Amino acid sequence: MRLLPLALALCFAIPASTDASAAGGQTRIAPADIAVAERLRDAALKDDTAWDFTEGLSTEIPMRMPGSANDLKSREWVTAKFKELGFDKVWSEPVTYPVWVRRSESAEIVSPFPQKLVVTALGNSPATPPGGLAGEIVAFPTLDALKAAAAESVRGKIVYVGARMVARQDGKDYGIGSTLRTNGPSIASGKGAAGFLLRSAGTDHERLPHTGATRFADGVAPIPAAALSAPDAEQIERVLARGQPVRVKLALDCGMDGTYTGANVIAELRGSKQPDEYFLTGGHLDSWDLGTGAIDDAVGIGISVGAAKLIAQLPQRPARSIRVVAWANEESGIHGGNAYGEKHGKEVARAVLGSESDLGADRIYKMSATVKPESRDALAQIAAVLKPLGIDYDTQFQGKGGADLAAMHKAGMAAVSMHRDATRYFAWHHTANDTLDKIDPEQLRQNVAAYAVLAYLAAQADGDFGSKPGAFVGQDKKN
Ligand code: ZN
Ligand code: ZN
């Protein structure tokens, strides 16, 4: 059993559960802790710490490109903010990554109907030769169609792939767009293509392209790769539909520029009983350079910070620690998350549960988890506190906690995913429209409420959620 901290008992005057609930591996949460979580939830709906954090970071240090001057500035900013907010311990852990820089980018249809195109280079793309790359377009509707194409039809040409994404609550079409962006250029290069263009991985019809990283497989020559805004992609398709060869010119000045050592910045509320065990949350500190990185992902850190701040205001720290991480360089290869996993994965049992935020801050509509079966009842108790926020518990889906936590989850950390409404998100994601005005303060408070409840109850639970080395290997369904 876990004794209720005296100060909390006085505050809420609810006796703690006294049964030996940890027996048999069953994880339980005491009624008194549920009562505290309900108060945290209600307080979060009136608290603007997350908004203030997000407003501050995205206003004072927008365009947080990994390895840029803003990389260091953002780490200094977040370190000072963590200390100001009253975390017990703030530190950094170095992360080394290759740096990619964007200098300039332009494109045009040269013939038959000259037209400027709105494009943006993909992260990790090399530059075009001086003077630009001109070539004939060969078009495919999907990545699979490109995969099936004969190399002769592609060689020396500029590949265009026009796969489309539809806005959906679960955002699942991003799987189509991000797979195309990540793998398309490498596949095209493998068939001898000179360059690569895709219809942006987005759901909007703004004349704004969506950037994002691509990845060239070992042994494949990197080729210039860029994303077209949706209207520009459709312009190319209409010209192609007229049956004449379409020539475009692409001028990208960008490329790799050595390596850089940044850091994950970590803040902790130290637990009162088992301080070496912790609930792990956070978001990534880096962003693309087209917008201000407000929705991706200043607000993700803001949500965690807002939740932790409310818990810090309780009369006593919860039993376990709560750890907030501002991860380094997620965008070009999850470098911060991987470094965290490398350093802490061998002690994975200490990370009792993890859940990050990296999908904006629209309303959370469901929770899912990958945890040991004996902790499902405790998850149901947490879900009952979340229910008034409009959050359902999907016991079938196996949430993995987020990209920055993938290495820890793979090492055996139990994970919870909070599923946000992604209907609006992929219209703005990785574009110049990633700005603060896209965040609805009321929906953001609902996010903070959910994380405050989850973090507090995970830190107070009597028993664990199944984190141990190799715990979930082979158990994860693909979903
Ligand atoms: Zn992100
Ligand atoms: Zn992103």
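Helices here are DSSP runs of H or I with at least four residues, strands are runs of E with at least two, and both are numbered from the N terminus.

Please note that this is a predicted model, in which local features need pLDDT of at least 70 and side-chain atom pairs count only at pLDDT 80 or more, while totals for chains, interfaces and linings use all residues. Residues are numbered from 1 along each chain as its sequence is written, chains are lettered from A and ligands numbered from 1 in the order written, and side-chain values use heavy atoms, without hydrogens and water.

Within H2, the buried residues are Ala32, Asp33, Ile34, Ala35, Val36, Ala37, Leu40, Arg41 and Ala44. Buried means under 20% relative accessible area, exposed over 50%, and partly exposed in between, with a 1.4 Å probe and protein chains only.

I turn now to the metals. Which residues coordinate the zinc ion (ligand 1)? They are His284 through NE2, Asp296 through OD, and Asp358 through two OD atoms, at 2.0 to 2.5 Å. Donors are N, O and S atoms within 2.8 Å of the metal (3.2 Å for Na, K and Ca); water is not among the atoms, so sites may look incomplete. In sequence, these donor residues are spaced H-x11-D-x61-D. Asp296 in helix H9 and Asp358, in the loop between strand S11 (351-354) and strand S12 (364-370), link parts of the chain 62 residues apart.

Asp296 lies in helix H9 (residues 294-312) and His430 in the loop between helix H13 (425-428) and helix H14 (441-460), so the pair ties together parts that are 134 residues apart in sequence. Both Asp296 and His430 are buried; Asp296 counts as such because its relative accessibility is 4%.

Finally, the helices H9 and H14 pack at an angle of about 55°, with axes 8 Å apart. H9 is therefore oblique to H14. Axes are lines fitted to C-alpha atoms, for helices over the stretch in contact, and angles run from 0 to 180 degrees between N-to-C directions. Angles under 35 degrees count as roughly parallel, over 145 as roughly antiparallel, 65 to 115 as roughly perpendicular, and the rest as oblique.
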